[in-house]
Structures are given as structure tokens and as C-alpha cells.
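The sequence and the structure come first.

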Amino acid sequence: MSSRWSRFDDLVATLRKRWDSGRYLRAYASGDAWEPVALPVKAPTAAELLADFDEVILWAERFRRDSSTAAARPRVRVEYRVMNHKSFGANEFPARIRVDSFEELAKLLGAVDDVRRLDLLLDRTARDAPALVPWVASNPGAAIAHHAIWADLLATVCWISEHNTSELYLRHIDVAGVDTKFVERHNKILRQLLDATMPADRVDTNHSDLVRRFGFRAKPDYTRFRLLAPVATVPSGITELRLRTDELAHSPIPLGTVFVVENEISYLAFPAVPDAIVIFGEGFHLTVLESLSWLHDRELVYWGDIDTHGFAILSRLRARFPRVASILMDRETLLAHPGQYVTEPTPTSEHQPNLTEPEQSLYQDLVEDRYGESVRLEQERVRFSLVRQALRPWLMQEVKVESPRI
């Protein structure tokens, strides 16, 4: 059958698209007066009637059938117009459909259950968390999508609103039937509901996760480090520790030099150095080190891969600790290992403002592929004799440190 003329299903699809946008449910939830909906029907012209009479008649019959129930009751009001033709006489064709009530529209679209759910959600919200009624009215689709857990969501929002979250982890939320997994799984909808109810001074809009956005205690960062020389306050035989960074920030290690190493095996094999520790970077977040303010009073030395990202990390670290030095990240080290080059997966070419002139020169050569495409020398591939050589300025005396205990 020709697609030149409107099918009833096409008009229903248009109404469904509008319904799915939420416009009708928002108006209903807000108590707005219903405004009847009218959609025009694209019908055959007189010329098309003359040229394709049989097809036009089939179209009109199908439209009438589709716009009625199995019991021949109209699903919506259809307005017809009469087309007169000297050869075929007077014929009636649909010109417009009208939906006269919200209930009629919901029934037409098979959305009666959604309306019933919305009524229940509005009643429940008005009783348990009245401040959220405007949110439900503005976001009926989202509320209906969560109707099965709505009571738990409201209870969780109310509990969070009533407690000082600054001293709590998410695990402290104490609502019947709600656990941490529930909160994490429904992070998005809970965030929206809390945004609508929490005072502005309790919402950090710079973050999207519940923990930081609503002031819960975050999982702490940890700093892992090895003692390269004995420390009087640490029991003999203890050479490696992993401490909460916030606690370490208030307990400075009484040694003068701090090495930061990215690769774990290079960190574990790092030689004993007088008056020093080595921190395992772990692809570290620089803000973790930045919180250790006492590092500003130490000699800080960084050793990373010779690749574009290694220099990017060094540049960012130096932005926070201007006096940080680097070792084994120079042209001589790179050229001493031509057989150990690998390919850097996703090199960067961004400007690195905090590199020394030699570092900047080598970085630019890497960006421009002077030594090959995306060249990378990982620090674990550097000969260990060169590591010891690079540490000569600090190795003024031999200090024997026991291997880390497991």
C-alpha cells in the first residue's frame, strides 16, 4: 500500500515520541489542564483519487480499521472530510485525529500502567519526602523507571540528608534493605535526587560520584615506600611500609632524600642509599604526593620511563615541587640501549613547560620520532650498572638494608 498517505500507526508513533519525551506525563504530574491533541492526516488528493481509486479506498478502509478496537469502538476521535467527484460520487476520508483526554492518550499508547505507577510514586513521595515531589513531576520517566526500588531510594536520600556525611563512609548508610552495592549501582538516580534536596553547601558540583559530591569520607590513598637507610623510629628489620597518605602527611620520614620510581621491580631493586627512601609511584596521582607537604623540605628525585608520558609526569611533578631532579631520563641513557626500545602505545605531544633544557630537547626528539616511531625505553630495561652510576652522588657510604620482609 502506498506510503504517500498517513497510516494510523504513523500517527500513533508521533504521539508515542511525544509521550516518551515526558511532555504529557510532566503536565499530568504537575496538575496542568489537559489540552486536546490534534494531528492532521495526509490524505489522497482529488487527482490521486481519480488515478488510484482502488488503492485509495483500501487505504481509507485500513485507516478506519486501525483506528478502531476489535469491537469496532473508535480508539480516538477521527474527523472526516467528504470528497466529491463526478465519477465516484461522494467519498469520506480521514482528515484529522483528536485525542480528547489524557486517559484516552494513555490507553491508546498502552501506558495506563505507567500512569498508575506515577500516581503511586507521587503519593509515596509526598508522604516520605515531600521536597522531591517537584523533581518527580519534572522527571516522571526516570521515576517510573525506578518504581520497583522507589521506596528504598527515598529512604536512602532521607537518611543521607539527615546525617553528617563528613564522618561517614558509604558503608555507614543504615537503611533496611539497602547496602553499599545498592548505593553504588544506583549512583546516578541517587545523585539526581540528592541534588534536588541537599543544601547547596553540602553539594560539591565538581564531582559526580556520591562520595565526593556529598561529602562522604573517601577511600584513603596509600603511599608505599622503602627505607634505603635505617630510621630510628622504625623497628630494625622493617624496610618497606604502606601507609595512609593522609597519616603520612603528618608523620614526616626523617631522611633527607626521596626517590620516586614508577616501575615496581625497579623500586624493589633500588640500591641502598644513605639518608633516603624510595616511593613506588604506581602510576601515581600527583595530588597524592602533593599532600605530603614535607616533601618540599626534602631532596626529591624522579625516575620514570624515557617516553613522552614519562616526561609529562616529570613536568607535572615539577609544577608542584619545582626543585625535583630526574635521573636516567637523558639522551645518554636512551642511546645506550638501542636494542631495548619498545613502542609507546599512545604518545603525547602536548607542551611540557617544566622540563630542563636537556629534558625538553629529548622530549621534542621523541615527539618528532627522531629515534624511531613512538620510541620508549622502559626503566626496567636500563642496565643496572647505570642505575648505580646515576646514584653515585648519593652513595657516599655503603648502607646495608635488609631485603623487605613478606
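## Helices α16 and α18

The axes of α16 and α18 cross at roughly 145° and come within 9 Å of each other. This comes from a predicted model. In this crossing, which is left-handed, α16 passes α18. On the α16 side the contact is made by Thr308, Phe311, Leu314 and Arg318. On the α18 side the residues are Glu359, Leu362, Tyr363, Leu366 and Val367. Sorted by class, the contact of α16 with α18 holds six nonpolar residues, one polar residue and two charged residues.

## The buried side of α18

Helix α18 covers residues 357-367, and its buried residues are Glu359, Leu362, Tyr363, Asp365 and Leu366. These residues lie on the same side of α18 because they cover an arc of only 160° around the axis.

## Helices α9 and α11

Two packed helices are described by the angle between their axes and by the distance between the axes. For helix α9 (residues 150-161) and helix α11 (residues 187-197), the axes come within 10 Å and the crossing angle is roughly 50°. An angle of this size makes α9 oblique to α11. The crossing in which α9 passes α11 is right-handed.

From α9, the residues in this contact are Trp150, Leu153, Thr156, Val157, Ile160 and Ser161. They meet Ile189, Leu190, Leu193, Leu194 and Thr197 of α11. The contact of α9 with α11 has eight nonpolar and three polar residues, and no charged ones.

## Helices α6 and α9

Helix α9 also has a contact with α6. The axes of helix α6 (residues 112-128) and α9 come within 11 Å and cross at roughly 25°. Angles under 35 degrees count as roughly parallel, so α6 is roughly parallel to α9. The crossing of α6 and α9 is right-handed.

Which residues of α6 and α9 meet? In α6 they are Leu121, Arg124, Thr125 and Asp128, and in α9 they are Trp150, Ala151, Leu154 and Cys158. By class, the contact of α6 with α9 is made up of five nonpolar residues, one polar residue and two charged residues. Trp150 of α9 is listed in the contact with α6 and in the contact with α11.

## Two single residues

Thr14 is part of helix α1, which covers residues 8-20. Is Thr14 buried, partly exposed or exposed? Its relative accessibility is 32%, so Thr14 counts as partly exposed. The C-alpha atom of Thr14 is separated by 8.9 Å from that of Leu39, and the two residues are 25 residues apart along the chain.

Ser266 is in helix α14 (residues 264-268). Because its relative accessible area is 7%, Ser266 is buried. Leaving aside residues up to four places away in sequence, Ser266 touches Val261, Trp303, Gln379 and Glu380.

How values were computed:
Residues numbered from 1 in each chain as written. Predicted model: local features only at pLDDT ≥ 70, side-chain atom pairs only at ≥ 80, totals over all residues. Heavy atoms only, no water. Axes fitted to C-alpha atoms, helices over the stretch in contact; angles between N-to-C directions. Helix = DSSP H or I, 4+ residues; strand = E, 2+ residues; numbered from the N terminus. Parallel < 35°, antiparallel > 145°, perpendicular 65-115°, else oblique. Left-handed = near helix turned anticlockwise from the far one by under 90°. Contact = heavy atoms within 4.5 Å. Nonpolar A, V, L, I, M, F, W, Y, C, P; charged D, E, K, R; others polar. Buried < 20%, exposed > 50% of the residue type's maximum accessible area, 1.4 Å probe, protein only. Arc of directions from axis to C-beta.
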